[in-house]
Amino acid sequence: MSKRVLLGLLLACGLTASALAQEPKTGGVINAVIQPEPPGLMLAMIQNGPTQMVSGNIFEGLLRYSPKLEPLPELAESWSVSEDAKTYTFKLRKGVTWHDGKPFTAADVLFSVEMLKQTHARARNNLAQVDKVEAPDDYTVVFTLKQPFGPFLGIFEVGSMPMVPKHLYDGTDWKTNPYNNAPVGTGPFMFKEWQKGSFIRLVKNPNYYEKGKPYIDEIYWQIIPDAAARSVAYETGKVDVLPGGSVENFDVPRLSKLKDTCVTGAGWEFFSPLAWLWLNNRQGPLADKRVRQAIMYAIDRDFAKDVIWNGLGKVATGPSASTIKYYTDDVPKYAYDPAKAKALLKEAGYKGEKIRLLPLAYGETWQRWGEAVKQNLMDVGMNIETISTDVAGGNQKIGDWDYDIAFTYLYQYGDPALGVGRNYVSSAIAKGQVFNNVEGYSNPEIDKLFADGAVATPDSKRKEIYAKAQKILVEDVPVAWMLELQFPTITRCKVKNLITTGIGVNDGFKDAWLDK
Amino acid sequence: MLKSPSGVAGLVILLLAVSVAVFGPLLFPNSPWRMVQRPFLPPFTLSTVPLGTDALGRDVFAGMIFGARVSLLVGLVSTLVALVVGVPIGAMAGYFGGKVDDALMRFTEFFQTIPSFALAIVLVAILQPSIYSIVASIAVVSWPPVARLVRGEVLSLRTREYVQAAVVTGQSNTWIILREILPNALSPVIVLASLMVATAILLESSLSFLGLGDPNLISWGYMVGAGRTVIRQAWWITVFPGVAILISVLGLNLIGEGLNDALNPRLSREGR
């Protein structure tokens with residue numbers, strides 16, 4: 001017995017040691033699925049999910065982010081913040097070249113900032129606190145802010161602020177620039193060809209500034225429109241990488257069990273998609289806080305996680321995902337408790353008024369989820385009518401505030417000031433949009449907390465402010481938080497080191513290698 | 001009718017389906033949408049859920065029973081609506097002839113040139129999926145054959161002596177159509193109607209399969225559509241409602257055949 005244990009220990013130690021000692025191998029071709037086919041690859045102008053996933057390996061930002069969302073050097077090799085937290089100085093890496101051989105300098109950064117302000121809505125928002133950007137020399141960039149802005153170091157991710165080659169874009173009409181179709185970046189992979197409806201091919205950048213990287217020779221992003229066909233493509237060995245969301249959830253367990261298959265939920269920390277139900281705070285029974293709380297108690301969110309999402313993800317505790325800065329779970333808790341929900345409904349005087357539920361038309365999983373939530377709410381005596389629509393129809397209804405309950409999920413971008421506040425402050429109420437404050441919640445106290453939190457220093461002060469905001473919001477239930485979603489990435493185990501950062505596959509091929 | 005064994009078989013199937021639709025929900029008061037057991041429970045393992053559970057742990061057997069109600073209701077009501085629209089149009093076209101006939105038949109052809117399933121999809125999508133829009137769109141795509149059939153019958157009956165006699169005695173057009181012509185044109189319409197119910201059930205199932213069913217009502221087509229993607233893990237979610245569709249459509253077709261045999265005087269005289 002003891003011998004066996006000893007042997008096991010020895011084996012385990014041996015295995016760990018050999019795993020640690022594994023040196024990256026160079027060479028090989030990776031086939032990955034991209035779903036859906038991106039509308040274009042010019043990251044400065046298009047920010048769809050699939051565009052970010054492909055182009056994040058062509059372009060680069062000044063910084064990368066670890067899974068814990070700490071900034072890591074990328075095009076900027078170091079940075080410093082002034083005492084008053086208003087001046088950020090970035091030292092750029094030397095010897096970086098664009099794919100066409102021209103050097104990357106501070107002029108490119110200045111140009112990119114100007115261009116993104118016009119072409120990239122989120123970048124424009126993120127840069128709103130920037131007073132001026134200067135380049136004292138070719139390898140230094142200085143951002144001066146109007147006032148301290150806590151999340152500032154979080155806005156340099158490649159999808160949020162990709163660097164664009166000035167020499168190819170300056171003075172041209174950006175929309176019709178021929179390089180939009182054959183993007184030129186500084187990244188580890190270069191764009192090679194795109195057979196529409198079939199595949200996008202990237203090849204290794206031989207002059208990449210990190211010596212030895214990338215390890216892979218070529219990436220084929222395969223375009224396969226049907227979900228079942230994507231699973232089959234993996235099973236038959238046509239593709240080796242299924243990025244999150246590219247197969248239906250119920251296929252995940254089956255595919256995970258296949259030989260030499262590795263599954264991870266990591267690589268979404270920066271986005272931290274959080275699913276919730278918009279509750280129309282303006283009218284009808286849902287205008288009453290008690291009815292909204294009843295909804296939180298009535299819905300079995302563990303069931304949704306275990307059955308509908310096959311155990312992936314995490315039940316949300318409030319407006320912030322647990323991976324977001326300043327998250328706190330010191331908030332009122334809503335466990336599954338139909339009796340309490342019934343009592344609250346009774347107290348609020350709900351008398352069976354009809355409530356319309358809009359599921360999200362994103363495929364099977366969301367449809368099943370809508371059915372389960374409807375049943376949960378009917379079980380506590382709410383009169384729910386499901387309205388079925390397509391994506392565009394649903395967006396229109398939500399934008400027109402013509403709904404009572406509606407499913408959604410949104411990215412959070414690492415910091416409450418970037419991705420959370422926008423959903424609850426009253427200044428973000430505007431008809432026609434499907435993000436931001438759609439529910440019509442308006443609370444001056446919350447407005448003030450988020451306004452203060454964005455510019456407060458130091459960190460401990462921000463933490464305090466956001467903890468308070470989370471508490472108030474969870475008590476008020478402006479929307480019904482469901483799950484922190486997890487989109488599993490399925491790969492053959494021979495694909496190593498693909499997911500190392502907070503944006504996962506989006507910039508993962510820089511470090512990935514194939515164990516042949 | 002009762003002499004043809006296939007007709008009797010069809011009748012038995014239909015009676016069975018109707019009684020399930022009418023009385024089944026009384027025996028199973030629980031909503032078919034309720035999650036009652038663990039998901040993907042195979043059939044014949046638990047007596048409380050004899051046909052197993054679906055992806056959310058809902059009872060497949062309860063779904064079948066409640067689905068019977070929706071499928072049969074849609075089949076019958078949409079056929080009735082189609083008859084209400086098609087019979088008068090066909091009768092008027094056949095009886096009055098000339099310009100009225102031309103106008104009504106061109107109008108009918110307009111509907112016939114569009115593939116009926118495609119038109120049904122478009123109508124349901126525009127009107128938003130609900131039980132009403134589904135019945136309406138199935139009726140809209142299925143009345144033209146009725147109109148053409150009735151017109152053909154009326155055309156041939158129009159020249160019979162007893163109709164001429166009624167005209168000579170000064171009967172009103174309405175009276176002649178309703179009392180003299182239609183009763184005699186009815187038997188092929190009844191046969192067609194029984195087949196139309198079957199087609200309507202199939203159409204409803206196809207629409208639900210595509211996700212265009214009423215989201216608040218369970219139907220066989222919905223069950224097949226929702227189970228399709230997991231067919232490799234759980235065959236029973238699709239197979240049982242699929243079999244239910246097959247059997248009820250088969251039953252209606254058998255009835256149609258039996259009615260055809262019984263109502264066609266030439267066939268019955270030959271002793272078939």
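Predicted model: local features only at pLDDT ≥ 70, side-chain atom pairs only at ≥ 80, totals over all residues.
Chain B contains 10 helices and 0 strands, and its pattern along the sequence accordingly reads α-α-α-α-α-α-α-α-α-α. The C-alpha trace of chain B spans about 75 × 45 × 30 Å along its principal axes, and 45% of the 272 residues of chain B count as buried. Among the contacts in chain B with a separation of 6 or more, 69% are accounted for by residues 24 or more positions apart.

Where the two chains touch, chain B contributes 13 residues and chain A contributes 14 residues. On the chain B side of this contact, 8 residues are nonpolar, 4 are polar and 1 is charged.

**A helix pair in chain B**

Two packed helices are described by the angle between their axes and the distance between the axes. For helix α4 (residues 116-127) of chain B and helix α7 (residues 173-209) of chain B, the axes come within 11 Å and cross at roughly 55 degrees. An angle of 65 to 115 degrees would count as roughly perpendicular and one under 35 degrees as roughly parallel, and α4(B) and α7(B) are therefore oblique to each other. The crossing of α4(B) past α7(B) is right-handed. From α4(B), the residues B:F117, B:A120, B:I121 and B:V124 meet B:L203, B:S206 and B:L207 of α7(B), and by class this contact has 6 nonpolar residues, 1 polar residue and no charged residues.

**Helix α10 of chain A**

In helix α10 (residues 338-348) of chain A, the residues A:A341, A:L344 and A:L345 are buried. These residues lie on the same side of α10(A), because they cover an arc of only 100 degrees around the axis. An α-helix has 3.6 residues a turn, so residues three or four places apart point the same way. The cover over the buried residues of α10(A) includes α8 (289-298) of chain A. Just after α10(A), A:G349 takes a positive phi of about 75 degrees.

**A buried strand residue in chain A**

A:L145 belongs to strand β7 (residues 140-145) of chain A, and it counts as buried because it has 20 C-beta neighbours inside 10 Å. When its neighbours within four places in sequence are left aside, A:L145 is in contact with A:K86, A:Q129, A:V130, A:D131 and A:F152. One of these residues, A:Q129, is 16 residues from A:L145 in sequence, and the two are 5.6 Å apart in space, C-alpha to C-alpha.

**Backbone features in loops of chain A**

Most residues other than glycine have a negative phi, and most peptide bonds are trans.

| Feature | Value | Loop of chain A |
|---|---|---|
| cis peptide bond, A:Q35 and A:P36 | omega about -10 degrees | A:P36 between β1 (29-33) and α2 (49-55) |
| cis peptide bond, A:K213 and A:P214 | omega about -10 degrees | A:P214 between β9 (199-204) and β10 (218-222) |
| positive phi, A:A85 | phi about 60 degrees | between β4 (76-81) and β5 (87-92) |
| positive phi, A:Y326 | phi about 65 degrees | between β14 (314-315) and α10 |

Note on methods: Residues numbered from 1 in each chain as written. Chains lettered and ligands numbered in written order. Contact = placed C-beta atoms within 7 Å. Nonpolar A, V, L, I, M, F, W, Y, C, P; charged D, E, K, R; others polar. Helix = DSSP H or I, 4+ residues; strand = E, 2+ residues; numbered from the N terminus. Buried ≥ 20, exposed ≤ 12 C-beta atoms within 10 Å, placed from the backbone. Axes fitted to C-alpha atoms, helices over the stretch in contact; angles between N-to-C directions. Parallel < 35°, antiparallel > 145°, perpendicular 65-115°, else oblique. Left-handed = near helix turned anticlockwise from the far one by under 90°. Arc of directions from axis to C-beta.
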